[in-house]
Amino acid sequence: MIEAINMCPNQLGSTQDRILDAAEELFVEMGYSATSLRAIAQLADVNIAATNYHFGSKEGLLAAVINRHVEPVNSERLIRLSRLEDSKCSLTLRSLLEAFFYPLADTLPNSKLPAVMGRMLSEPESLTRPIMAEQFGEVSKRFQTALERVVPGLAKDELNWRFHLMIGSMIHLLKFPNPVMNEQPPVAFKDAIEHLITFATAGLSQEQEFLND
């Protein structure tokens, strides 16, 4: 019989947290493929049946590890976007980018997200793409729809590409918040985000016709 079934709710939560903590530590340190459910269960001090009971599979466990870091950021993004859409002020490119990037900057100082995302980038796309689509699908769709209103001169396909490249820049910044060749003192991540917003504003606002000349 699965150990977790006879536990009270607070014990269940504790068991899930221990499994997530153990999985996160091993995934980041060793990678997904090199980490076994047995090793996770051993580090979490639970049996393997408990990991399967709570998360279904190792892939489900990886998705849960990512979700607990990404979901709070994405929830705040959607809250800020809804406020912008409901306000009487007109949407601007700057306000949309702030709504997208600031929740990440606010969360990052106490987050393990950079380490988790850094490891994700080294895993096969066949594993990570469905998880990333699940985690970022709604946010991407909502923000791209809003961006269509503030940069109407871009075709939808071109906007999709620019949004994709903007996300790539954001992920790069998580790993390298300061320029590799920078000889100046390191800046806070929130200051780095301001540079990213400036960069993304230029990239998203550039007329498509100019690029086709």
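Reader: Happy to start with a count: how many aromatic pairs are there?
Author: Keep in mind that this is a predicted model. Two rings pair if their centres lie within 6.5 Å. By this rule, the number of aromatic pairs is 4.

Reader: What kind of pair do Phe27 and Tyr32 make?
Author: Their ring centres are 5.6 Å apart, and the planes meet at 35 degrees. Planes under 30 degrees apart would count as stacked and those over 60 as edge-to-face, with the rest tilted. The pair of Phe27 and Tyr32 is therefore tilted.

Reader: And which kind is the pair of Phe100 and Phe163?
Author: Here the centres lie 5.7 Å apart, with the planes at 70 degrees. An angle over 60 decides the class, so Phe100 and Phe163 are edge-to-face.

Reader: How many residues separate those two in the chain?
Author: Phe100 belongs to helix H5 (residues 93–107), while Phe163 belongs to helix H8 (residues 156–175). Their pair links distant parts of the chain, with a separation of 63 residues.

Reader: Which residues form a cluster through ring pairs?
Author: Phe100 and Phe163, both buried, are among its members. Ring pairs join the complete set: Phe100, Phe101, Phe143 and Phe163.

Reader: Which residue has its charged end over the ring of Tyr32?
Author: Tyr32 is buried, as is Phe27. The charged end over the Tyr32 ring is 4.3 Å from the ring centre, and it belongs to Lys58.

Reader: Is His172 buried, partly exposed or exposed?
Author: His172 is in helix H8. Buried needs under 20% relative accessible area and exposed over 50%. With 45% relative accessibility, His172 therefore counts as partly exposed.

Terms used: Residues numbered from 1 in each chain as written. Predicted model: local features only at pLDDT ≥ 70, side-chain atom pairs only at ≥ 80, totals over all residues. Heavy atoms only, no water. Phe/Tyr/Trp six-rings, centres within 6.5 Å; stacked < 30°, edge-to-face > 60°. Buried < 20%, exposed > 50% of the residue type's maximum accessible area, 1.4 Å probe, protein only. Helix = DSSP H or I, 4+ residues; strand = E, 2+ residues; numbered from the N terminus. Lys NZ or Arg CZ within 6 Å of the ring centre and 35° of its normal.
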